[in-house]
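Here are my notes for your reading of this model. Please keep the structure open beside them and go through the points in order.

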Amino acid sequence: MTLTPPLPPVLSTLPTGLLVDGEWRDATDGGRFDVIDPANGRVLSSIADATPDDAQAALDAAAAAQRSWAGTTSYSRADILRRVYEVLLERREELAWLITREMGKPLADARGEVQYAANFFRWFAEEAVRIRGTHAVAPDGRGQILTVREPVGPCLLITPWNFPLAMGARKIGPALAAGCTIVFKPAPQTPLSTLALAQILQEAGLPDGVLNVLPTTRAAELVEPLLRSGVIRKLSFTGSTHVGKILLEQAASAVVRTSMELGGNAPFIVFDDADLDIAVEAAVAAKMRNMGEACTATNRLYVHEGIAAEFTRRFAARLADMPAGDGEEEGILVGPLIDAPSLAKVERLVADAIAKGARVALGGNADDLAGYLYPPTILTHVPVDADLLTTEIFGPVAPIVTFVDENDVVTRANATEWGLVGYIMTRDLDRAQRMAGALDVGMVGLNTGIVSDVAAPFGGVKESGLGREGGHLGIDEFLNHKYISVAAPKA
Ligand code: ADP
């Protein structure tokens, strides 16, 4: 296929190679792959397809740069991160355009993602200078206990396609702040925003070899040797639970530290004392942000029987007012899904629920829509055995299930292998506290449908993952504790 002429400025100046040791290169075998615009199927760009040999070169570069990068002052690392924050905001429009084109989300959402990504660099610029150890006098008086924090070493960072800029920022920011070097593997569907970010980091003064970027269609082939090398000391992965489990096994071979942000199956619980205006807006955010293509997206709405009809009516009115189309067009609030398999999966899940007795309150049929678009959809009377209650939907489909009893809804909400986030809509303070304690999740949205915040610890329990990103904990994932036993002075 040919490229779509004419290229907008951001694409014409974007690197299309691999970044290894400060140089943009072709893949060793010269291979390239196409990046497809999900809104129209056109080729946006052709990118170097990294091989395992390229990965070895990236690993060598990261290993060679580790000692000198770890030896820089935290002020100098913070200065680079702060510059990146500023440039991301200066270039917000073109980066938002890039995200919309390669990933599909509407421009307004993409602008929000650029802001979110920039905020990670600001936050970790501020965290870099607050890396602290501890001091204590040994209780038996035999000396002092000193602990210092040290970077874990070269890190492997792997990101998904749904927030192509922000997921990279959430990992690169703390890794650099901590003094770690990086081998970064973006998702093959959306490598362009990562390439733009890497270019910005270079221009901000990042030394050669500190960040190495490997776009590739051969993830499995390339990643396993890195994890088994003994050189990578930390893996930070965001993606599916299925792939996360494979990587955990591989990481075990060299006892690599891991942070894993995996899948979710978020319950959204609306009690009959909830403020319905707030609950509906929160549900719109929790379901429709990123077209439902987020691990934090609600996958199951449990609505108290007494208000279910009213809630569904208002929720449907809001979703019916969300036009689907090319995310770059004015007024579009729902962009295309990422690719054909994603669309097929959403269609299969909806058909399965309907076949088992669910009723369509809104949408439910993509036949009139072009490409990978799927309309905002609400299903009611969803039976417990419908596959979409136990499968991550990753699309704009909201299954509504009614409940009466609080204990019963807790049991149902927790009956999943995942535990990323749960949303609770209530005005009763006692109930809010009981529910926040009872849900087996890493994050709770209380009368809000959005939990993501750079200053908050993002992460899950159970099969939703290990570790936290963002907040004060985010940088800890990239630091070791070293204990130094200091002998008491000679008497
Ligand atoms: P999704 O289904 O959202 O694409 P994946 O878990 O498949 O989620 O992908 C998340 C990231 O993991 C992507 O960067 C992808 O290329 C990468 N990935 C997929 N399979 C493997 C694998 N076997 N080894 C290493 N990385 C992988």
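**Notes on the pocket, the ligand and the cavities**

1. In the lining of the largest pocket, α9 has the largest share, with five residues. The model is a predicted one, so please word any description of it accordingly.

2. The pocket has a volume of about 1,000 Å³. Its lining counts 47 residues, and those closest to the pocket centre are Pro160, Trp161, Gly239, Ser240 and Val243.

3. What is the make-up of the lining of the largest pocket by class? There are 23 nonpolar, 15 polar and nine charged residues in it.

4. Where does the ligand sit? Its place is the largest pocket. A shell of 16 residues surrounds the ligand, and the closest of them are Thr159, Trp161, Lys185, Phe237 and Ser240.

5. Three of these residues deserve a look at the level of atoms. In Ser240, a side-chain N or O atom is 2.6 Å from an oxygen atom of the ligand. For Thr159 the atom is a backbone N or O, and it lies 2.7 Å from a ligand oxygen. In Lys185, a side-chain N or O atom is 2.9 Å from an oxygen atom of the ligand. As for cover, the ligand taken alone exposes 550 Å², and the protein buries 77% of that area.

6. Which elements supply the shell around the ligand? At least two residues come from each of α8 (219-228), β10 (234-238) and α9 (241-253). The most come from α8, which gives three residues.

7. By class, the shell around the ligand holds 11 nonpolar residues, four polar ones and one charged residue.

8. Rolling a probe the size of a water molecule over the atoms shows where empty space is left. The count is four cavities of 30 Å³ or more, and the largest cavity has a volume of about 70 Å³. Residues that line the largest cavity include Ala285, Ala286, Arg289, Tyr423, Ile450 and Ser452. The lining of this cavity divides into seven nonpolar, three polar and one charged residues.

Key. Residues numbered from 1 in each chain as written. Predicted model: local features only at pLDDT ≥ 70, side-chain atom pairs only at ≥ 80, totals over all residues. Heavy atoms only, no water. Near = heavy atom within 4 Å. Polar contact = N/O pair within 3.5 Å; in protein donor to acceptor, adjacent residues only side chain to side chain. Areas by Shrake-Rupley, 256 points an atom, 1.4 Å probe, with all protein chains shown as cover. 1 Å grid on protein atoms, 1.4 Å probe; cavity = no way out; pocket = protein on both sides within 12 Å on 5 of 7 lines; lining within 4 Å. Sits in = over half its atoms within 2 Å of the grid points. Helix = DSSP H or I, 4+ residues; strand = E, 2+ residues; numbered from the N terminus. Nonpolar A, V, L, I, M, F, W, Y, C, P; charged D, E, K, R; others polar. Points joined across faces, edges and corners; volume = space filled by probe spheres on them.
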